[in-house]
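Me: I've got a model open and want to go through it piece by piece. Can you take my questions as they come?

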Amino acid sequence: MKICIVSQTFAPQEEGGAEISARLGAMELGQRHDVTVLALGKQGDPIAPPGETRLQGGIRVVRLAWNNSYLPLPRKSSAGFLRRANWHLRTAMGALCPEQLTQFLVREKFDLIYAQNSAYMQPALFIAARKANIPICLHLRDYGLLCPKTSMFRGGDNCERPCMDCSILTRRVREMSGADMTVIAVSDALRQRFLNNGVLQDANWHVMHNTNSTENIFDRSLVGRRQASAPVFTFGYLGAVSEEKGVSDLIRAFVSLAETKEARLIIAGRGRERDVVKMKRLANGAPVEFKGFIRPEDVYREADVIIVPSRWHEPQSRILVEAPVYGVPVIGTTRGGTAEIIKEHKTGWAYDPHKPKTLADLMAKALSMGQAAWWGNRDKFFPGITSFQGTAEQSGYYQRLERILLTAAGQ
């Protein structure tokens, strides 16, 4: 089968979860199928100019010209408000040429378009696929088709419906019924959010939780860790340093603990400078370590528990499947798809972020046990960790994905 994997941002560009998934998918599917990755390029960009390249492993990448001021990023842009507003408006109007895209699809004669990360390439991709008569399987990992920010989070709260400016910018996409289209969501919570907004309601839906490939496990000595390794009880956080991620809630909860001298909090991730400054101010001298961007394994090696304090309805964080693979329990909110993983697999505790002190109480409960008892009782409290099938190989992830793609292509 000849597959076009669409990922607006692709290696060697900076990677987020969606980009990692697209790369791993291309490597896996490329072993049995003729795979081409379609991404965006910008003239003059030293990393991602328009044109064709081949990456390690023989992955063919074709980048079409992106007619906007800068390429999409897996993290928040540092551009000013007016520049970002103009960027989103230009994107909505069509920063990707549908005619050029159609010509590419017709010339290549793909059997299937597998759109992994394509919100900013829409509706051009939908239009071109229809003209080229190529079926689409859309893999949704965020709310990008409903919200240009991809999070449906604004003013400190979640949006149940697209706000006015988002409605204008995404109108052409939201009118798509999804008929004759296959859609995969990384959580049922994500699927429900689209259906509740009347988007892609006629599509053939599937839910597949993210898993990790063994190629993405960089330190195999950490897999299945069963004991403490840090000198004091260590809480860990991995991700963007931002309000919607709930980092300020986490810091406040940690600072409120009576025994912070016997604990530490590691925060690994980047954020806008003003957000990072605010978070450091909240720490107020408590043992909170801001590590910046580091390898996830450097956190999993020391953390006794990983916190996923997202305020927004996060579809499904990769942390939820990475931490149990390394033997580390998770404390996460009941927002989005987080609780689906924690409750289904019994790998952590879930709490309602609307209820005061709930996170602090769970952190205090863990800390009060001490490291030895925490790890000694890990399997009692979190019985799903030892049997957790968190890698794609264990769960048969790619076999199921391949069956869905073959059906979507009519094969």
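This is a predicted model: local features need pLDDT of at least 70, side-chain atom pairs count only at pLDDT 80 or more; totals for chains, interfaces and linings use all residues.

Me: Fine. Which strand does β11 join through six bridges, and in what sense do they run?

Reply: That is β12, residues 263–268, and the two strands run parallel. Within this pairing, T234 has R264 as its bridge partner in β12.

Me: What about β14, how many bridges does β11 have with that one?

Reply: Two bridges, again in the parallel sense, with β14 covering residues 305–308. The bridge partner of G236 there is I306.

Me: Is β11 buried or exposed?

Reply: Six of the six residues of β11, which spans 233–238, are buried, so the strand is largely enclosed by the rest of the structure. F233, F235 and Y237 point one way, T234, G236 and L238 the other way, and all are buried.

Me: Switching to the cores. How many residues are in the largest nonpolar one?

Reply: The largest nonpolar core has 51 residues. Those with the most contacts inside it are L101, L105, I113, L138, L140, F194 and L200.

Me: Which helix gives the most to it?

Reply: Helix α4, residues 124–132, with six residues. Apart from this core lies another one of 50 residues, and L257, V288, V299 and W374 are among them.

Me: Back to L138. What does it touch?

Reply: Leaving out residues up to four places away in sequence, L138 touches A115, S118, Q122, F126, L145, M181, T182, V183, I184 and L200. L138 is also one of the residues lining the second largest cavity.

Me: Then which residues have a positive phi without being glycine?

Reply: D180 is one of them, with phi of about 65°, and K346 is another, with phi near 55°. D180 is in the loop between α6 (171–174) and β9 (182–185). K346 is in the loop between α12 (338–345) and β16 (348–351).

Me: How exposed is each of the two?

Reply: D180 has 79% relative accessibility and therefore counts as exposed, the cut-off being over 50%. K346 has a relative accessible area of 47%, so it counts as partly exposed.

Me: I also marked M121. Where is it?

Reply: M121 is in the loop between β5 and α4. With a relative accessible area of 1%, M121 is buried. Not counting residues up to four places away in sequence, M121 touches V6, Q8, L38, L40 and L96.

Me: How far is M121 from N377?

Reply: Their C-alpha atoms are 48 Å apart in space, and the two residues are 256 apart in sequence.

Me: Last one, K42. Where is it placed, and what does it touch?

Reply: K42 is in the loop between β2 (34–41) and β3 (51–54). Its relative accessible area is 25%, so K42 is partly exposed. Its contacts, again without residues up to four places away in sequence, are A48, P49, P50, W66, N68, S69, Y70 and L71.

Me: What is the C-alpha separation between K42 and L71?

Reply: It is 6.8 Å, with K42 and L71 lying 29 residues apart along the chain.

How values were computed:
Residues are numbered from 1 along each chain as its sequence is written. Side-chain values use heavy atoms; hydrogens and water are left out. A nonpolar core is a set of buried Ala, Val, Leu, Ile, Met, Phe, Trp, Tyr and Cys residues joined through side-chain atoms within 4.5 Å. Buried means under 20% relative accessible area, exposed over 50%, partly exposed in between (1.4 Å probe, protein chains only). Helices (H or I, at least four residues) and strands (E, at least two) are DSSP runs, numbered from the N terminus. Contact means heavy atoms within 4.5 Å. On a 1 Å grid over the protein atoms alone, a cavity is a set of points where a 1.4 Å probe fits but cannot get out, and a pocket is an open set with protein on both sides within 12 Å along at least five of seven lines; lining residues have an atom within 4 Å of a point. Two strands pair if DSSP finds at least two bridges between them.
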